[in-house]
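I opened the notebook on this chain and list below what I looked up, entry by entry.

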Amino acid sequence: MRKAVISLLLVSAAITGCGSAQHTPQNTASPSAGGARQLTDAEELRISDAQQRLIGTCMRRQGFKYWEAERLSLEESRTLGYVLDDVGWARKHGYGSRIEAKETAARASNPNLAYRKSLSEQRRQAYDEALDEGIDAPVIAIEIPGGGTLRKRMGGCVAESEKKLYGDPRAWFRAEKAVGHLRSLYVPRVLADQRFSAAQNAWSRCMNRAGYAYKDPGASRQSAVAQASRTAEPKAFEAERKLAVADATCARNTDLRPIGEERESHYVAQLRDRYGEALDTHSRLQHQALDRAKKIVGPRA
């Protein structure tokens, strides 16, 4: 799934241990200090939908059935980063727990899983080879910022779909993973930044006035998750919704999002000397994929 407006804040799950949820952002999370604009959530979803369409076409050409992933509405699909400041969205969806449950149910009932399971062993192997070439697919390995290596199989209809969208699947994989893992380098700097810390402290004081004692948005969201595990669903959702509204109201009143965005851009810019090529390649290939996706699928409603 994803990304949110403040990419640093998209990694809240890693920092605070909270799960993902949704909100209504204006931009995506891919950091880009300078250069082309970041894609919106709607634009990234269109690329994802186009890839599903391309994979399905390719699989059917290989003699297999393939169902595209169930699509949530645009409102439901929008990702939530560390800062939720859309009060209207929070009032309706809380932190998005019901949307997450809907997604989980859709994954569990994915007809592709049942179809693959229904195939004979020989046909199942052929299905896997058609999809991504299975264990015999070529493997690409890249070093990521902050240390470590990532590997990916590059074959079958998945690789074909990426080639048609991005032109060079290997270049896209390298750029996408490099940019994503830049977060491990700049997130700690933003969290320790004096301006961001001051805004977050102001958010905490605002929440206290609303009757909630949390030091940061991650703690607030964790509380909602914990409450859901102890309380019946309707009651838990109502508590989640009220907490999310207070969270979003305080975030808006303290300018937590714009301050976080500005501080993120500042620290990402400091990484351009070393990672500027990856940032620029990521942006260029994303925009190229969007142009191609527009010819394949329409926007989500």
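Is aspartate 255 buried, partly exposed or exposed? I found aspartate 255 partly exposed, because its relative accessibility is 43% (buried is under 20% relative accessible area, exposed over 50%, partly exposed in between, with a 1.4 Å probe and protein chains only). Aspartate 255 sits in the loop between α14 and α15 (helices, H or I, have at least four residues and strands, E, at least two; both are DSSP runs numbered from the N terminus). Its phi is near 60 degrees, a positive value in a residue other than glycine.

Entry on the model. This is a predicted model, in which local features need pLDDT of at least 70 and side-chain atom pairs count only at pLDDT 80 or more, while totals for chains, interfaces and linings use all residues. Residues are numbered from 1 along each chain as its sequence is written, and side-chain values use heavy atoms, with hydrogens and water left out. I noted a mean pLDDT of 87 for the chain, with 88% of residues at 70 or more (pLDDT is the predictor's confidence in each residue, from 0 to 100).

Entry on the cores. The largest nonpolar core holds 34 residues (such a core is a set of buried Ala, Val, Leu, Ile, Met, Phe, Trp, Tyr and Cys residues joined through side-chain atoms within 4.5 Å). Leu84, Tyr95, Tyr186, Trp203, Met207 and Leu256 have the most contacts inside this core. Its largest share, seven residues, comes from α14. I also logged a second, separate core of 13 residues, including Ile47 and Leu165.

Entry on a helix pair. I found α13 and α14 packed at an angle of about 170 degrees, with axes 9 Å apart (axes are lines fitted to C-alpha atoms, for helices over the stretch in contact, and angles run from 0 to 180 degrees between N-to-C directions). Residues of α13 including Pro217 and Arg221 meet residues of α14, among them Leu243 and Asp247 (contact means heavy atoms within 4.5 Å).

Entry on two loops. Glutamate 133 lies between α8 (121–132) and β3 (139–143), and its phi is near 70 degrees. Glycine 211, between α12 and α13, counts as exposed at 61% relative accessibility.
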